[in-house]
Amino acid sequence: MANRLDKIEVVGEFNHLQIREIKEDGTYHRRFINCNEPLGDDEHQEVKDKADEVWTDEIKASHTEKLNEQLKRFNSE
Amino acid sequence: MSGIIGGAGSKSGIIGETELDYEKGTWTPVFKGNATGSVIAHTISHATYVKIGKFVTCQFFVVRADASGGSDNVTWTGVPFASEGTGYHASVGTAWCGATEEALVVQDNYGNNIYNFVEAGGAYITFTQHANTNNIGATFTVIIE
């Protein structure tokens with residue numbers, strides 16, 4: 001990761017991660033990572049550690065179940 | 001209003017005794033064919049956000065690598081903040097995907113950070129409808145947690 005990690009926020013029912021980074025020019029860049037999204041090899045170690053901490057198997061399974069349930073409604077509308 | 005709105009880490013000053021949170025930056029939209037579909041290759045021309053309190057206005061303009069069609073809904077993720085609540089969140093702004101002259105809205109799928117374009121009649125815009133161009137752009141505002 002070329003950007004410097006600035007902040008990790010854990011948000012919502014499924015502990016999604018909101019990442020704020022600082023770019024070389026001093027401005028912010030943000031990313032949003034949901035709990036079932038694979039992390040890249042070049043991800044910040046702190047983000048990997050936070051994901052390991054808060055993305056439990058139970059959370060991931062619950063999110064998948066909720067997403068599939070929502071997608072059924074989404075695709076039927 | 002006193003204070004200065006500036007770059008990273010700045011705040012917009014004080015209104016009375018309430019500090020107004022302000023932030024701006026870039027983000028990374030990720031395009032997919034439907035919510036669980038494959039990532040659609042694209043180049044980001046522009047993707048920025050401005051956060052003022054609980055309101056975040058995002059904009060992007062991307063160019064798809066392949067302008068061919070597909071029956072999947074035009075879907076993107078990566079909006080930098082989680083929206084408030086768990087239902088649909090329609091956010092009317094200026095949304096354009098080269099598909100229709102009808103009004104479009106941008107809609108978050110149940111607060112899951114999964115967004116689509118929706119025609120005025122309620123139908124989702126698909127890549128087939130979008131096949132006449134590989135440019136996609138939008139400006140929209142979300143209320144965050």
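Biologist: Which residue does the side chain of R31(A) reach at 2.8 Å in a polar contact?
Modeller: A polar contact is a pair of N or O atoms within 3.5 Å; within protein, one must be able to donate a hydrogen and the other to accept it, and residues adjacent in sequence count only if both atoms are side-chain atoms. Here the side chain of R31(A) meets that of E43(A) at 2.8 Å, and another such contact, of 3.0 Å, links R31(A) with E21(A). This is a predicted model, where local features need pLDDT of at least 70, side-chain atom pairs count only at pLDDT 80 or more, and totals for chains, interfaces and linings use all residues. Side-chain values use heavy atoms, leaving out hydrogens and water, residues are numbered from 1 along each chain as its sequence is written, and chains are lettered from A and ligands numbered from 1 in the order in which they are written.

Biologist: Is R31(A) buried or exposed?
Modeller: Buried means under 20% relative accessible area, exposed over 50%, partly exposed in between (1.4 Å probe, protein chains only). R31(A) has 15% relative accessibility, so it counts as buried.

Biologist: How do I read a pair of aromatic rings?
Modeller: Look at the distance of the centres and the angle of the planes. Rings of Phe, Tyr and Trp (its six-membered ring) pair if their centres lie within 6.5 Å; planes under 30 degrees apart count as stacked, over 60 as edge-to-face and the rest as tilted. That gives 10 aromatic pairs over all chains. In one of them, F31(B) and F60(B) have ring centres 5.5 Å apart and planes at 70°, so they are edge-to-face.
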